[in-house]
Amino acid sequence: MVVLPPARFSRATRLAALALLGLGLPLHALAAWVAAWTAAPQKLSDLPMPPGLSADELKVSGTLRQRIVPTLDGPRVRVRFSNLFGRRPLQIEAATVAASTGDDGIVTAGLQTLRFGGRTGVTVAPGREVWSDPAALRAQAGQPLAVSFELARETPITTVHRLPLNRSE
């Protein structure tokens, strides 16, 4: 998930949004970060697999890149990493976010290192999720971003989402 910082809403706008959504949230609830892109985490072993392939056999290593397309504009981004269905810690050595040039390319001039409590790496405990600190990358609705992350070791694939593998829009 990628979130953007709070927008400045008038009291009337916040009341209208609460009335339309039918939520009993305090008015300050709209002052939180808002989701600009997300996918529901799923347990790989619960999904249909091709004949002869077991979810327990699938592992990944090295650097992975996820291309996402935010639906909102914002001056900063945060990224959520999920290990909800993992059975062992997910160790991320480093992660970055940048504008995507399409396919696997990025705009290196705006590349931002993601930090987690000020550190460049993070360990996500089994059953947990971790948010990055805010990164100073301007997101524009409809303009793809690329989130890259390096795994510390070969890791079983357990938490996934079923959006297309080559384009997550």
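Reader: How many helices and strands does the protein chain have?
Author: One helix and 14 strands. Keep in mind that this is a predicted model.

Reader: OK. What share of the residues is buried?
Author: Of the 169 residues in the protein chain, 31% are buried.

Reader: And the accessible surface, what does that come to?
Author: About 9,900 Å² for the protein chain, with 53% of that belonging to carbon and sulfur atoms.

Reader: How much of the contact set is between residues 24 or more positions apart?
Author: Taking the contacts in the protein chain with a separation of 6 or more, 82% are between residues 24 or more positions apart.

Reader: Let's get to β6. Where is it, and how many of its residues are buried?
Author: Strand β6 covers residues 78-82, and four of its five residues are buried.

Reader: How many bridges join it to β11, and which way do the two run?
Author: Three bridges, and the strands run antiparallel; β11 is residues 129-131. Ser 82 has Glu 129 in β11 as its bridge partner.

Reader: Now the largest nonpolar core. Which residues touch the most other members?
Author: The core has 22 residues, and the ones touching the most other members are Val 77, Phe 81, Ile 92, Ala 95, Val 97, Leu 114 and Phe 116. The elements giving two or more residues to this core are β6, β7 (90-102), β10 (122-124) and β12 (145-151).

Reader: What is Phe 81 in contact with, leaving aside neighbours within four places in sequence?
Author: Its contacts include Ile 92, Ala 95, Leu 114 and Phe 116, and those four are also on the list of residues that touch the most other core members. Phe 81 is also in contact with Val 124, Arg 128, Glu 129, Val 130, Val 147 and Phe 149.

Reader: Which residues line it?
Author: Lys 43, Leu 44, Ser 45, Ala 55, Asp 56, Phe 85, Arg 87, Pro 156, Ile 157 and Thr 158.

Reader: Tell me about Thr 158, then. Where does it lie, and is it buried or exposed?
Author: Thr 158 is in the loop between β13 (155-156) and β14 (159-160). It counts as buried because its relative accessibility is 11%, and the cut-off for buried is under 20%.

Reader: What does Thr 158 touch, not counting residues up to four places away in sequence?
Author: Gln 42, Lys 43, Leu 44, Asn 83, Phe 85, Gly 86 and Arg 87. Among them, Lys 43, Leu 44, Phe 85 and Arg 87 also line the largest cavity.

Reader: Pro 70 next. Where does it lie, and why does it count as buried?
Author: Pro 70 lies in the loop between β5 (63-68) and β6, and it counts as buried because its relative accessibility is 1%.

Reader: How far is Pro 70 from Gln 143?
Author: They are 73 residues apart in sequence and 6.9 Å apart in space, C-alpha to C-alpha. Gln 143 is one of the contacts of Pro 70, along with Ala 36, Trp 37, Ala 139, Gln 140, Ala 141, Gly 142 and Leu 145.

Reader: Last one, Gln 91. Which strand is it in, and what does it touch?
Author: Gln 91 lies in β7. Not counting residues up to four places away in sequence, Gln 91 touches Val 122, Thr 123, Glu 150, Leu 151, Ala 152 and Arg 153. At 28% relative accessibility, Gln 91 counts as partly exposed.

How values were computed
Residues numbered from 1 in each chain as written. Predicted model: local features only at pLDDT ≥ 70, side-chain atom pairs only at ≥ 80, totals over all residues. Heavy atoms only, no water. Buried < 20%, exposed > 50% of the residue type's maximum accessible area, 1.4 Å probe, protein only. Pairing = 2+ DSSP bridges. Core = buried A, V, L, I, M, F, W, Y, C linked by side-chain atoms within 4.5 Å. Contact = heavy atoms within 4.5 Å. Areas by Shrake-Rupley, 256 points an atom, 1.4 Å probe, with all protein chains shown as cover. 1 Å grid on protein atoms, 1.4 Å probe; cavity = no way out; pocket = protein on both sides within 12 Å on 5 of 7 lines; lining within 4 Å.
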